[in-house]
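Before the numbered points below, please open the sequence and the coordinates side by side. The note goes through single residues, strands and charged pairs in turn.

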Amino acid sequence: MNATWYWRRLRRMAPSEVVGRARDAAVRRFWKYRYLVRNASESQSASLYRAGFVGTLPPMEAAQLPEFARDSLLKAAEDVLEGRWCVFGTPHPKFDEYPDWFVDARSGCRAPNDDYAFDIPYRNEDRIGNIKYIWEPSRHHHLTVLAAAYAVSRDERYTRRIADHLQSWWRENPFLRGPHWISGIEIGIRLIAWVWVRRLLSEWGGAAELFEKNPRFLSQLHQHQRWLSMLPSRGSSANNHLVAEAAGQFVAASAFPVFSESQNWREHAADVLRREAVAQTYSSGFNRELATEYQGLVLELFLVAAIEGELTGCPLGTIVWDRVRAMTDALAAILDVKGNPPRQGDGDDASGLLLDAPAYNRWTALLSTGRALFGGLPWWPPESERDLRTYVWTRGVTVPPLRERRPSERPSLFADAGHVYLRKNEIGKEIWCRCDHGPHGFLGIAAHAHADALSIELRVNGINVLADPGTYCYHGETDWRDYFRSTIGHNTLELLGQDQSISGGPFLWTSHAESRLINVSGLDEGASGATWQAEHFGYVGRGGPVHRRTVEFDRGTLTFTINDRIYDGRMNLVPARLAFHFGPSVECDLTSTGVNLSWPGGEGRFELANELSWSLHRGETNPPLGWYSKSFGTKTPAFTLVGAGNISNGVALVSRLQVY
């Protein structure tokens, strides 16, 4: 991050945020002087402790445990005992009794473990490695897997490994030293993990000695919560990070009310959660970041906090539960037949609390939780195999009466979030198409947005035909970060050789494309056809034209007609590239008249706009083009079709895709 980036970032801040960040900088300087220069101790006097852990669970009943989830969990726990744990698809190189908490599993680079946290250049991948790969194991999701495995099996091998890892982490990560004290979201999620490890080990005789009677744990617990109370995410950064910080603070202060500050910490965190439940959620139930993976993360965080409130007698109330219900209903409405949501915006596979094998389907699991807490609706997808977390979370929890009405039918238009779904469901075939005319992102920097206005996704029986390529990476690998966020990296039209929105850095957009819906009809699946029409103004400020797109879906012939045109530009001819990205299961054969498509169980035909010159790309690296990232840290070659040329105002570019 150079001086130019900091200037751009500063310009996206309100004056109050600038003042808050100046205060944060002063806190960091004071901490460095006190704890490193003077080497002061942060340990608390025993007089500040009150004994006890709050919110134990009723005993598990073996007959009620979901069998498949239980077996999968125990297999994952055995892998942890054998030292096998993957970080974004990469096996961790040292995950035995005493893990290396500071190594980047992918590159092998190691971050300094004794430097002052805020002096570590954590964005410099050449010096310390990829910080995401260093941070992730210290969220301690593997420990909640082990704790859940103990709860269903009473096998004390799991408790011994938990104790080894926690004692190792607490010993090797003193307050403000090393990379694990840099980020509030990491601290918040780690606190949630510790609380649930303790809760799931309630039947183990050594639980109290490891936690509330352990001075080292109590010191770490206090330090984590003090950090969060002093350095919250602010202003244009107050997105999912703030929710994670508040959820971690609330959960920890509710379950371990052992400090003189605990009540104030809990009450403040509760206020933040109630405020952000409204501020970060559209009335339709969509998270305002409009990044699907963060819809899942934020829903999990609100759930874990709301459930904690019920378990410990500190309820968050209907304002949070109403938002949880709305988010769950929205999720139920947008899943495809395989239980997968859209692929919009950034995603880093973040989890609020993992109590199942890592490969479980988080989306259907969230619906299972919703069914157990406040009931599914008739139009929800059929219930799938229940996850273990739902069983653990929902026993003995009573949700307060909800105030808001729930949708009587499956919605296909989410006007506030800018989503429209064109669908057809019949025996043996589901057609699912998402059209995007929503806001660019959330807050001034829209940190997790992509330049994807008017993009579309198309799935047939849950198979990505026209796919959103995903995210792949955050830090480092600038070319790849830029590609996966770019306009040419999505199923939409690029003009002037530029993105629709202007990037100022990896998590910063300095100009946001504005979109609007013009017309939508035929969303009822009984209609013979459906139409969506929208436009965006991202290029207007640069002298470019408005881009208008119309998608027509003929349910009889299973044909999508995509009509792109530009107008009101200051140029007679505008350089344009129209991209269509296919999923990794799709094979493409480009002919002189179009593209023949095939995928497992289906095929199709794509007729292309004659005004452009078309080329097929796959797995290219200079520059990147033709890639699909299924999950964070992974990418695989996939076909991308690009039509290039100079186009005139008002000329329609008509592409037609038929599914057979």
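1. A glycine in a loop. Leaving aside its neighbours within four places in sequence, Gly-129 is in contact with Asp-104, Ser-107, Cys-109 and Asn-124, where contact means heavy atoms within 4.5 Å. Gly-129 is found in the loop between α4 (125-128) and α5 (131-135); helices (H or I, at least four residues) and strands (E, at least two) are DSSP runs, numbered from the N terminus. Gly-129 counts as buried because its relative accessibility is 2%, given that buried means under 20% relative accessible area, exposed over 50%, and partly exposed in between (1.4 Å probe, protein chains only). From Gly-129 to Gly-52 there are 77 residues in sequence and 40 Å in space, C-alpha to C-alpha.

2. Basis of the note. The model is predicted, so that local features need pLDDT of at least 70 and side-chain atom pairs count only at pLDDT 80 or more, while totals for chains, interfaces and linings use all residues. Residues are numbered from 1 along each chain as its sequence is written, and side-chain values use heavy atoms, with hydrogens and water left out.

3. The open sheet. Eight strands form an open sheet in the order β11-β12-β13-β14-β25-β18-β17-β16, and the pairing is antiparallel; two strands are taken to pair if DSSP finds at least two bridges between them. At the edges are β11 (515-521) and β16 (587-590), each of which pairs on one side only. On average, neighbouring strands of this sheet are turned by 15 degrees against each other, direction ignored, with axes that are lines fitted to C-alpha atoms (for helices over the stretch in contact) and angles that run from 0 to 180 degrees between N-to-C directions. Within the sheet order, β14 (residues 559-567) and β25 (residues 653-659) pair in the antiparallel sense over six bridges, and Asp-564 stands opposite Leu-653 in β25.

4. What links Arg-549 and Asp-564? Their side chains meet in a salt bridge (2.7 Å, N to O), the term being used for a side-chain nitrogen of Lys or Arg within 4 Å of a carboxyl oxygen of Asp or Glu. Arg-549 lies in strand β13 and Asp-564 in strand β14, so the pair ties together parts that are 15 residues apart in sequence, and both Arg-549 and Asp-564 are buried. A salt bridge also joins the side chains of Glu-535 and Arg-548 (2.8 Å, N to O); this pair links distant parts of the chain, with Glu-535 in strand β12 (residues 529-536) and Arg-548 in strand β13 (residues 546-554), 13 residues apart. Glu-535 counts as buried because its relative accessibility is 2%, whereas Arg-548, at 23%, counts as partly exposed.

5. Further charged pairs. By the same rule the count comes to 39 salt bridges. One of them joins the side chains of Arg-157 and Asp-155 (2.9 Å, N to O), where Arg-157 is partly exposed at 34% relative accessibility and Asp-155 is partly exposed at 21%. A network of salt bridges links Arg-323, Arg-325, Asp-329, Glu-404 and Arg-406.

6. Backbone points to check. Most residues other than glycine have a negative phi, and most peptide bonds are trans. Leu-176, although it is not a glycine, has a positive phi of about 70 degrees; Leu-176 is found in the loop between α7 (156-172) and α8 (184-200), and counts as buried at 0% relative accessibility. Leu-290 has a positive phi near 50 degrees, is found in the loop between α12 (262-279) and α13 (292-312), and counts as buried at 5% relative accessibility. The peptide bond from Asn-622 to Pro-623 is cis, with omega near 0 degrees, and Pro-623 is found in the loop between β20 (620-621) and β21 (624-625).

7. A hairpin. Strand β6 (residues 456-460) and strand β7 (residues 463-466) pair in the antiparallel sense over three bridges, and Val-460 stands opposite Ile-463 in β7. This hairpin has two residues between the strands, and Asn-461 takes a positive phi near 50 degrees in it.
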